[in-house]
Amino acid sequence: MPVSASSLSIPAARPVIGEAEIEAAVRVLRSGHVIQGPEVAAFEEEFSDLVAERTCVAVNSGTSALQLSLMALGIGAGDEVVVPSFSFAATANAVRLVGAEPVFADITPGTYCLDPEAVAAAIGPRTAALMPVHLYGHPAPMDRLMPLAARHGLAVVEDACQAHGAALHGQPVGTFGQAGCFSFYPTKNMHALEGGMISTADPQLARTLRLLRNQGMEQRYENEIVGANMRMTDVAAAVGRVQLKQLPAWTEQRRANAKVLDSRIEGLPVPYVADGARHVYHQYTVAVPDGRRDAVQQELARQGIGSAVYYPTPIHRLKPYRHPAGPPLPETDRAAASVLSLPVHPTLGQGELERIARAVSIAGGAR
């Protein structure tokens with residue numbers, strides 16, 4: 001019998017909304033400056049510390065961040081963008097929303113991020129950009145993807161929606177490509193109730209992004225280009241600013257929690273971390289082989305422990321993207337059939353971590 005989420009004593013995710021976030025939201029509501037005001041400007045400036053002082057542009061969601069980045073780079077009808085299929089659908093949706101076509105490339109086992117060799121094989125005459133995803137909080141192999149993009153004259157838009165604070169060889173994600181995109185959905189490592197952020201080192205691209213998010217205008221009623229309404233509210237920015245201050249401590253707690261789970265889980269491979277990668281564990285994802293994943297998940301739920309499958313259906317097998325002529329993606333299919341994400345959020349206590357590890361080891365067949 002399925003176990004309801006409300007009966008789980010250890011949920012898979014536990015978004016934080018504390019008194020500081022509530023007070024910040026109320027303060028903004030009382031101020032009357034609620035849309036694209038001083039809180040948004042302050043949040044953009046403060047978030048830039050996380051991305052090597054790049055210019056930051058706040059928007060209303062991570063999906064909007066991806067879409068507007070592609071638009072600002074001039075990517076549209078007739079273009080192709082190489083993306084992973086093993087990701088949330090928003091990655092490919094953003095490409096379609098600008099009129100371009102996603103081309104799916106396979107992933108590397110363990111990191112679940114784009115395989116540079118598969119990306120190279122997917123590049124064609126219509127390819128305009130690469131969109132690597134820093135999945136689960138593990139950085140994609142940007143040290144290999146960026147030279148590949150440069151060789152072919154391609155733009156790079158980083159989907160860093162799950163990777164606030166992740167880095168590769170000391171360089172923060174969101175600082176490799178022309179644009180880096182972050183999400184502030186409630187279950188992310190930090191949130192703003194909802195929202196997104198784009199980082200860029202290009203001042204002209206930043207200005208274009210600001211125009212696009214605000215109906216194409218910088219000055220009211222002086223529309224310069226065709227834009228949209230993808231602005232962030234000041235309420236969201238105020239909450240985000242509170243969360244941003246706590247992100248470093250939360251990140252270290254996630255990493256410490258992951259280390260405990262690594263040392264305690266038996267019978268299943270723990271998450272792989274590539275050399276030089278700083279993993280921030282948006283998800284702590286194990287691989288359950290031999291078709292046993294669903295049984296393990298059900299047993300964990302029976303013991304009151306939440307878990308989740310990200311993602312049970314690869315994007316290329318979703319209805320809007322099915323194409324009989326598409327290339328085989330064996331590692332993507334293998335991952336979709338075996339991954340299981342366990343609780344790793346920073347509110348977990350030592351006893352809860354021990355309980356998770358013990359239950360996973362038993363359910364996974366170690367003992």
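**Aromatic pairs and a helix crossing**

Modeller: This model is predicted. F184 has a relative accessible area of 0%, so F184 is buried.

Biologist: Is F47 buried or exposed?

Modeller: Buried means under 20% relative accessible area. F47 has 0% relative accessibility, so F47 counts as buried.

Biologist: How many residues apart in sequence are the parts that the pair of F47 and F184 ties together?

Modeller: F47 and F184 form an edge-to-face aromatic pair, with 5.6 Å centre to centre and 80° between the planes. F47 lies in helix α2, while F184 lies in the loop between β8 (179-183) and β9 (196-200). The pair therefore ties together parts whose separation in sequence is 137 residues.

Biologist: What separates F43 and F47 in helix α2?

Modeller: F43 and F47 form an aromatic pair too, at 6.2 Å centre to centre and 80° between the planes. Both F43 and F47 are buried. They sit 4 residues apart in helix α2 (residues 38-47), so the separation is about one helical turn.

Biologist: How many aromatic pairs does the whole structure hold?

Modeller: Some aromatic residues form one cluster: F86, F88, Y112, Y136, Y310 and Y311. A search of the whole structure gives a total of 12 aromatic pairs.

Biologist: Which word describes α3 relative to α7: parallel or oblique?

Modeller: The axes of helix α3 (residues 62-72) and helix α7 (residues 203-213) come within 9 Å and cross at roughly 120°. That angle makes α3, relative to α7, oblique.

Biologist: Is the crossing of α3 and α7 left-handed or right-handed?

Modeller: In α3, L68, S69, M71 and A72 meet L205, T208, L209, L212 and R213 in α7. The way α3 passes α7 is right-handed.

Methods. Residues numbered from 1 in each chain as written. Predicted model: local features only at pLDDT ≥ 70, side-chain atom pairs only at ≥ 80, totals over all residues. Heavy atoms only, no water. Axes fitted to C-alpha atoms, helices over the stretch in contact; angles between N-to-C directions. Helix = DSSP H or I, 4+ residues; strand = E, 2+ residues; numbered from the N terminus. Parallel < 35°, antiparallel > 145°, perpendicular 65-115°, else oblique. Left-handed = near helix turned anticlockwise from the far one by under 90°. Contact = heavy atoms within 4.5 Å. Phe/Tyr/Trp six-rings, centres within 6.5 Å; stacked < 30°, edge-to-face > 60°. Buried < 20%, exposed > 50% of the residue type's maximum accessible area, 1.4 Å probe, protein only.
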